Amino acid sequence: YGHIATLAKKVLAGANSVEGVTAEVYQVPETLSEEVLAKLHAPPKDADVPIIDVAKLPEFDGFIFGFPTRFGTAPAQFKAFLDATGGHWASGALVGKGASIFTSTGTQGGGSETTVLTSLPVLVHHGIVFIPTGYSYGGSLFSNDAVRGGTAYGVSTLAGADGSRQPSELELGYAEHQASNFPAHYQGKYVAGVIKKADSTKGEAPAARIAVIYYSTYGHIATLAKKVLEGANSVPGVKADLFQVLCGGIWGVYVHGAFEFDQLPTGTHRTAWTLAFPFLSLQVAETLPAAVLEKIHAPPKDASVPIIEASQLPEYDGFIFGFPTRFGTMPAQFKAFLDATGGLWASGALVGKGASIFTSSGTQGGGIETTVLTSLPVLVHHGIAYIPTGYSYGASLFSNDAVRGGTAYGVSTLAGADGSRQPTELELGYAVHQVDRFDDSTCTQHRIMARIAVIYYSTYGHIAKLAQRVLVGARAVDGVTADIFQVKETLSDDILAKIHAPPKDADVPIIDPAQLPDFDGYIFGFPTRFGTMPAQMKSFFDATGGLWVKGSLVGKGASIFTSSGTQGGGLESTVLTSLPNLVHHGIVFIPVGYTFPPQTDLGHVHGGTAYGASTFAGSDGSRQPIDQELDHAEHQGKGPPPPPPKFVLPGIKHIVAVASGKGGVGKSTTAVNLAVAMSQSLGLRVGLLDADVFGPSVGHMLGLSGKPEIGAGGLMVPRSAHGVRCMSMAFLLAQDAPAIWRGPMVMGALETLMSKVLWAPLDVLLLDLPPGTGDAQLTVTQRLHLSGAVIVSTPQARRGGVGAFHMQDIALLDARRGALMFRQVGVPVLGIVENMSYFVCGHCGGESHIFGQGGVQKAAADLHMPLLGQVPLNIDIREGADGGDPVVSSAPSSASARAYVSVAEAILRQIEERSGSPVRPKDS
């Protein structure tokens with residue numbers, strides 16, 4: 001529409017004003033037909049500006065490229081020009097030359113930065129030096145006094161949503177400066193040699209849990225975070241928690257033999273260490289020293305907002321991350337937190353969850369978009385679906401009437417160069433809105449996509465082969481209908497013949513962009529062109545502007561598969577630089593690469609990345625997709641693997657696991673007395689499942705034996721005693737018969753006890769799990785929707801000096817392992833119970849801490865979970881368990897019974913706080 005042409009003439013004037021520089025201006029060929037241009041009301045091109053011939057590029061020492069954004073990327077016309085430079089790439093004809101870029105976009109936050117960023121791989125693949133010129137302009141680029149273009153990358157202008165706004169004098173001044181400053185950068189700064197990745201026990205969808213996690217230096221992000229939290233908790237079916245990141249990293253130490261947290265090297269912060277076996281994450285200090293924070297006048301952090309641990313992430317269905325920009329990237333504090341999630345990556349604990357991001361920067365064009373874009377690989381490598389929320393906000397995001405944050409990616413604010421500007425009401429409104437895309441379908445898995453379009457572009461047939469296997473995978477999913485399309489070829493038959501491209505598959509129809517709203521999701525496939533998508537695919541995306549204006553594709557899902565000539569030849573950057581096309585439409589990007597297990601195989605050459613399937617064509621195109629790559633494509637078509645189906649146990653409000661890291665800590669005795677306490681003292685309808693199939697003892701402790709009766713539907717009727725309904729494997733085995741079973745038999749037995757019993761109606765079903773973290777624990781967590789887990793441990797003294805572990809030390813370490821196991825499979829840990837906490841002398845009444853003191857409290861604090869209570873070591877507890885008459889029932893006024901009731905009440909509070917609803921029956 002002429003905006004870039006206007007800037008280009010100013011750029012030319014600036015370049016020719018520099019002594020010793022000769023500058024010429026060119027335009028790239030138009031790829032749109034005259035008919036389409038007429039429909040768009042595009043003015044005629046300037047006939048005085050010649051069309052560039054790709055062959056001329058080596059004649060120049062440097063280039064200044066200018067183009068408008070198309071969804072945060074270069075337009076197809078420019079992409080087609082760059083795609084045609086392959087001969088220069090092969091000969092290295094452009095290596096060492098310099099380049100800078102200027103752009104235009106419709107709105108503030110509308111893609112100025114990402115348009116440059118997503119174009120950089122083309123320069124990189126040619127060995128061209130990118131020269132950013134924006135901040136060399138001076139003070140006006142740091143101002144928020146007026147609406148303007150211009151970023152750290154270089155000049156830009158805002159055209160307005162309808163294209164009516166023209167470049168301002170300030171923007172034209174940037175343009176002239178960009179060219180006049182360019183040679184100085186190129187000659188003075190270039191250094192030679194630099195060049196050479198619905199289910200629940202209630203039969204209805206559980207509340208989606210969202211963690212709003214932020215790092216804030218000056219408080220701007222903290223302000224937005226609270227509004228994001230407010231918005232999240234206003235959505236029906238969503239429960240959100242707020243956390244901050246204060247850590248500079250979570251370190252791991254693999255330990256052999258004895259280890260004490262007090263035995264740290266001199267000068268080391270104890271909180272900066274963690275055992276990798278069992279894996280444990282601990283908060284470490286702020287990366288900036290207190291003295292530095294004081295010098296930069298950073299306000300104190302909000303002490304009421306808890307600090308997030310990496311190990312807590314699996315408990316949530318989705319995340320909203322917030323952080324300020326640091327030169328177009330996330331700050332080190334947040335990066336250190338994400339770096340600590342390696343254990344979750346290895347276990348796939350976050351695959352299929354959803355996330356969005358909000359940011360702040362000092363100035364307009366100061367890194368807001370690139371901060372999000374450069375953060376996306378972290379989500380991708382975890383298999384987290386990225387949910388852009390910006391354009392779903394409405395008309396104000398298309399307005400240039402006032403200075404504001406907010407981009408296609410999500411909410412943002414401008415802090416000002418000195419940090420004095422605070423978030424406006426409009427920006428806070430964005431923050432409240434950001435969570436609206438987080439319905440329970442996007443958080444727990446990617447939305448159910450009933451109709452899929454597989455859309456591809458293929459030159460030599462490699463992508464076409466992958467696409468057919470993607471189609472097979474998609475059609476193999478129950479309830480999914482998939483269609484396959486190819487995009488329109490933009491190269492002439494003459495050129496295709498010269499490059500020896502085979503004919504296209506006439507049986508695959510050409511996609512019309514107008515068809516996209518008919519589908520629920522898309523799987524796009526295309527080869528790389530210098531780390532970016534090819535012009536043919538870009539032309540297709542560029543033609544979707546009408547859908548963008550209407551928001552027709554907001555909330556739909558998409559994934560991408562690719563091909564390149566060589567390993568390291570652009571597979572990852574091709575996807576990353578394509579994401580703005582999805583983001584600007586509000587399409588949810590779903591990475592599926594790491595959900596394909598063979599992807600981690602290093603035994604042979606194969607394609608595939610964290611983003612999705614891919615293949616290598618070879619430098620001459622002769623290599624064909626191997627079986628593993630085709631299998632990966634079929635896997636991608638099926639989408640992220642759903643979690644194992646969970647049993648629906650109608651009529652049970654909450655299921656709580658009682659677990660321990662090792663045996664001998666009194667777990668079963670604790671479970672029995674908690675069940676009786678909940679029934680007799682708290683008035684709940686309680687069931688107790690003895691899931692310890694190798695050592696079932698719960699029935700004996702309740703005074704129960706004999707086989708259960710068979711009721712309606714052939715289901716077993718639980719035995720009852722002391723107000724508790726109970727089922728145990730001991731009821732099904734001959735007396736004293738051992739259970740000598742392998743893993744599959746254990747899982748089968750547990751599934752029988754869970755699904756073939758008439759439990760309902762119950763307020764709480766307690767599961768007495770076997771000790772450890774094996775098959776039984778995994779079966780329960782995968783097949784039942786648990787409201788939480790309770791960890792039982794014995795005490796440990798907090799001792800100094802070097803010494804071997806005691807058995808209680810081992811018990812506490814195993815308890816840590818158990819807690820982290822539950823967190824990694826997404827089960828909330830309600831807290832820890834310290835059993836055998838102390839002994840009360842029957843003669844003098846004095847307390848003796850036989851097994852030590854303070855260790856469980858410290859473990860609870862380290863793991864950020866409550867200490868639910870302390871149960872004494874008393875003979876009445878042992879006698880009650882042995883006699884089938886639990887102490888809570890036989891001696892309800894005793895200290896032991898009161899301790900169990902107190903723990904039961906604490907568990908009840910935790911359940912009610914997390915679920916947001918009361919546990920007790922209405923008539924209690």
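Modeller: Quick one before we start: pLDDT is the predictor's confidence in each residue, from 0 to 100. We need that here, as this is a predicted model.

Colleague: Fine. What is the mean pLDDT of the chain, then?

Modeller: The mean is 77, and 81% of the residues reach 70 or more.

Colleague: Now β13. Why is this strand called largely enclosed?

Modeller: Buried means under 20% relative accessible area. Seven of the seven residues of β13 (residues 521-527) are buried, so the rest of the structure largely encloses the strand.

Colleague: What makes you say that both faces are covered?

Modeller: In a regular strand the side chains alternate between the two faces of the sheet. In β13, one side has Gly-521, Ile-523, Gly-525 and Pro-527, the other has Tyr-522, Phe-524 and Phe-526, and all of these are buried.

Colleague: How do you know that β13 pairs with β11 and with β14?

Modeller: Pairing takes at least two bridges. Between β11 (residues 451-456) and β13 there are five, and the strands run parallel; Ile-452, for one, has Gly-521 as its bridge partner. Seven bridges join β13 to β14 (residues 557-564), again parallel, and there Gly-525 is partnered by Phe-561. Both counts pass the cut-off, so both pairs qualify.

Colleague: And the eight-strand sheet: what makes β21 and β28 its edges?

Modeller: The order is β21-β22-β18-β23-β17-β24-β25-β28, an open sheet with mixed pairing. β21 (719-721) and β28 (867-870) each have a single partner strand, so one side of each is left without a neighbour in the sheet. From one strand to the next, the twist averages 25°.

Colleague: How many bridges join β25 to β28?

Modeller: Three, with β25 (residues 829-834) and β28 parallel. Val-833 has Gly-869 as its partner in β28. Two would be enough for a pair, so this one counts.

Colleague: Which strands does α23 lie across?

Modeller: β17 (652-659), β18 (686-690), β22 (724-728), β23 (762-768) and β24 (788-793). The helix runs at about 170° to β23.

Notes. Residues numbered from 1 in each chain as written. Predicted model: local features only at pLDDT ≥ 70, side-chain atom pairs only at ≥ 80, totals over all residues. Heavy atoms only, no water. Buried < 20%, exposed > 50% of the residue type's maximum accessible area, 1.4 Å probe, protein only. Helix = DSSP H or I, 4+ residues; strand = E, 2+ residues; numbered from the N terminus. Axes fitted to C-alpha atoms, helices over the stretch in contact; angles between N-to-C directions. Contact = heavy atoms within 4.5 Å.
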